[in-house]
Amino acid sequence: MGNELKSGIFFLLISLLIIFESIRVEVGTFLSPGSGFLSFGLGLALFGLSITLIIKGFKRYESQKPISIRVFLAILSLFVYSILLEKLGFLISTFLLIIILFRLGQKRKWWLTIGISMLVTILAYLIFGVF
């Protein structure tokens with residue numbers, strides 16, 4: 001793994017921490033900024049720059065050794081899942097995550113992917129939510 005890729009991942013994690021903490025402090029609006037407004041904007045800027053650095057590192061790393069983009073997409077979908085979990089709820093966000101992960105893993109028919117995703121989501125809800 002190249003230095004650009006390592007640095008990009010490090011700064012991506014730092015930017016996510018900054019964004020998360022800024023949201024906890026209260027961002028406010030553009031006309032009425034809260035105390036986390038500036039740090040939120042800087043966190044977004046750092047996030048964009050780190051994504052650029054990661055992409056640059058992947059391009060350079062691909063010439064040395066092939067790497068699957070599926071791993072990166074799976075990690076990204078887990079991050080998005082953690083954000084959407086609070087907003088959409090457990091059932092919907094877990095259902096969407098399982099669909100994405102199944103589609104990344106192996107191409108199946110859509111009806112089979114949706115059926116398995118529904119089954120996994122319901123079982124997870126029963127195991128962790130009911131019992």
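Which residues of α4 are buried?

1. Basis of the model. The model is predicted, so that local features need pLDDT of at least 70 and side-chain atom pairs count only at pLDDT 80 or more, whereas totals for chains, interfaces and linings use all residues. Residues are numbered from 1 along each chain as its sequence is written, and side-chain values use heavy atoms, with hydrogens and water left out.

2. Burial in α4. Ser93, Thr94, Leu97, Ile98, Ile99, Arg103 and Leu104 are the buried residues of α4, where buried means under 20% relative accessible area, exposed over 50%, and partly exposed in between, with a 1.4 Å probe and protein chains only. Helices here are DSSP runs of H or I with at least four residues, numbered from the N terminus.

3. Length of α4. The 16 residues of α4 should span 22 Å at 1.5 Å a residue, and the end C-alpha atoms are 22 Å apart, which agrees; the expected span is 1.5 Å times one less than the number of residues.

4. Packing of α4. The buried residues of α4 pack against α3 (69-88) and α5 (110-130). The axes of α3 and α4 come within 8 Å and cross at roughly 170°, the axes being lines fitted to C-alpha atoms, for helices over the stretch in contact, with angles from 0 to 180 degrees between N-to-C directions. The two helices α3 and α4 are therefore roughly antiparallel, a term used for angles over 145 degrees. Among the residues that make this contact are Leu73, Ser77 and Tyr81 of α3, and Thr94, Leu97 and Leu101 of α4; contact means heavy atoms within 4.5 Å. By class, the contact of α3 with α4 has 14 nonpolar, four polar and one charged residues, with Ala, Val, Leu, Ile, Met, Phe, Trp, Tyr, Cys and Pro counted as nonpolar, Asp, Glu, Lys and Arg as charged, and the others, Gly among them, as polar.

5. Threonine 94. This residue of α4 (residues 90-105) is buried because its relative accessible area is 7%. The side chains of threonine 94 and tyrosine 81 are joined by a polar contact of 2.9 Å, which is a pair of N or O atoms within 3.5 Å; within protein, one must be able to donate a hydrogen and the other to accept it, and residues adjacent in sequence count only if both atoms are side-chain atoms. Neighbours within four places in sequence aside, threonine 94 is in contact with Tyr81 and Thr121.

6. Serine 117 lies in helix α5 and is buried, with a relative accessible area of 0%. Not counting residues up to four places away in sequence, serine 117 touches Phe95, Ile98, Ile99 and Phe102, and a polar atom of its side chain lies 3.4 Å from the backbone nitrogen of isoleucine 99. Isoleucine 114, also placed in helix α5, counts as partly exposed at 33% relative accessibility, and with neighbours within four places in sequence left aside it is in contact with Phe95 and Ile99.

7. Glutamate 26. In the loop between α1 (3-25) and α2 (37-64), glutamate 26 has a positive phi of about 110° although it is not a glycine. Most residues other than glycine have a negative phi. Glutamate 26 is exposed, with a relative accessible area of 53%.

Terms used:
Angles under 35 degrees count as roughly parallel, over 145 as roughly antiparallel, 65 to 115 as roughly perpendicular and the rest as oblique.
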